[in-house]
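Subject: Structure handover

Hi,

Here is the model I promised to pass on. Have a look at it first, and then read my notes below.

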Amino acid sequence: EAQLVESGGGLVRAGGSLRLSCAASRSGFRFVDYAIGWFRQAPGKEREGISCISTSGPEYAESVKGRFIIGSDDDWKTVYLQMNAVKPEDTATYYCGIVVEGDYNDCLLPSDMDYWGVGTLVTVSS
């Protein structure tokens, strides 16, 4: 079981860039063999999948294709979300999730995640 910690959120101007990171609190944990997703949620709205990575490769929601990139450090201890050309509608709390128990259908589905971090807030100003 992994305790996830997100970091990197903050205030950014529209058109700018931000890099979010997700790491596990367990010492030495590596994400390489798991499905990991980035999700976001604004008040009053449902949590939506933004990007995820698994053995099948990366996936992106249509709303962020060409702007966001998911990846990891070389040692797979940190999974990041590089956010480029951000828009005001990207404003939300961003969460990372992981599938560690059983299988999943789509790593962009919040319901398929087993564990979550507490989130990091991203605010995009116009």
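What follows is a short tour of what turned up.

First, the ground rules. This is a predicted model, where local features need pLDDT of at least 70, side-chain atom pairs count only at pLDDT 80 or more, and totals for chains, interfaces and linings use all residues. Residues are numbered from 1 along each chain as its sequence is written, and side-chain values use heavy atoms, with hydrogens and water left out.

Let's begin with the sheet. Strands here are DSSP runs of E with at least two residues, numbered from the N terminus. Two strands count as paired if DSSP finds at least two bridges between them. On that basis there is an open sheet of four strands in the order 1-3-8-7, with antiparallel pairing. Strand 1 (4-7) and strand 7 stand at the edges with a single partner strand each, so one side of each has no neighbour in the sheet. From one strand to the next, the twist averages 15° (the axes are lines fitted to C-alpha atoms, and angles run from 0 to 180 degrees between N-to-C directions). As background, strands of a sheet pair through backbone hydrogen bonds, either parallel or antiparallel.

Strand 7 and strand 8 run antiparallel and are joined by five bridges. Strand 7 is mostly covered, with four of its five residues buried. Buried means under 20% relative accessible area, exposed means over 50%, and partly exposed is in between (1.4 Å probe, protein chains only).

The two strands form a hairpin with five residues between them, and in it Trp76 takes a positive phi near 60°. That is a positive value in a residue other than glycine. Trp76 sits in the loop between strand 7 (68-72) and strand 8 (78-83). Its relative accessible area is 22%, so Trp76 counts as partly exposed.

Ala85 is another residue to look at: phi is positive there too, about 50°, although Ala85 is not a glycine. You'll find Ala85 in the loop between strand 8 and strand 9 (92-99). With a relative accessible area of 38%, Ala85 is partly exposed.

Which residues does Arg67 touch, leaving aside its neighbours within four places in sequence? They are Gln82, Met83, Asn84, Ala85, Val86, Lys87 and Asp90, where contact means heavy atoms within 4.5 Å. Arg67 itself is in the loop between strand 6 (57-60) and strand 7. Arg67 and Met83 are 16 residues apart in sequence, with their C-alpha atoms 6.3 Å apart in space. A polar atom of the Arg67 side chain also lies 2.9 Å from the backbone oxygen of Ser63. At a relative accessible area of 10%, Arg67 is buried.

There is a second hairpin to point out. Strand 5 (residues 48-54) and strand 6 run antiparallel, joined by four bridges, and two residues connect them in the hairpin. Within this pair, Ser51 stands opposite Tyr60 in strand 6.

Last, the disulfides. How many does the structure hold? There are two, a disulfide being a pair of cysteine sulfur atoms within 2.5 Å. Counting bonded cysteines along the chain, the pattern is 1-3, 2-4.

One of them joins Cys22 to Cys96, with an S to S distance of 2.1 Å. Cys22 lies in strand 3 (residues 18-24) and Cys96 in strand 9, so the pair ties together parts that are 74 residues apart in sequence. The torsion about the S-S bond of Cys22 and Cys96 is about 70°, so this disulfide is right-handed. Cys22 is buried, at 0% relative accessible area, and Cys96 also counts as buried, at 0%.

The other is formed by Cys52 and Cys107, whose sulfur atoms are 2.0 Å apart. This pair links distant parts of the chain: Cys52 is in strand 5 and Cys107 in the loop between strand 9 and strand 10 (115-116), 55 residues apart. Here the S-S torsion of Cys52 and Cys107 is about 65°, so this disulfide is right-handed. Cys52 is buried at 0% relative accessibility, and Cys107 is buried with a relative accessible area of 0%.

Enjoy exploring!

Note on methods:
A polar contact is a pair of N or O atoms within 3.5 Å; within protein, one must be able to donate a hydrogen and the other to accept it, and residues adjacent in sequence count only if both atoms are side-chain atoms.
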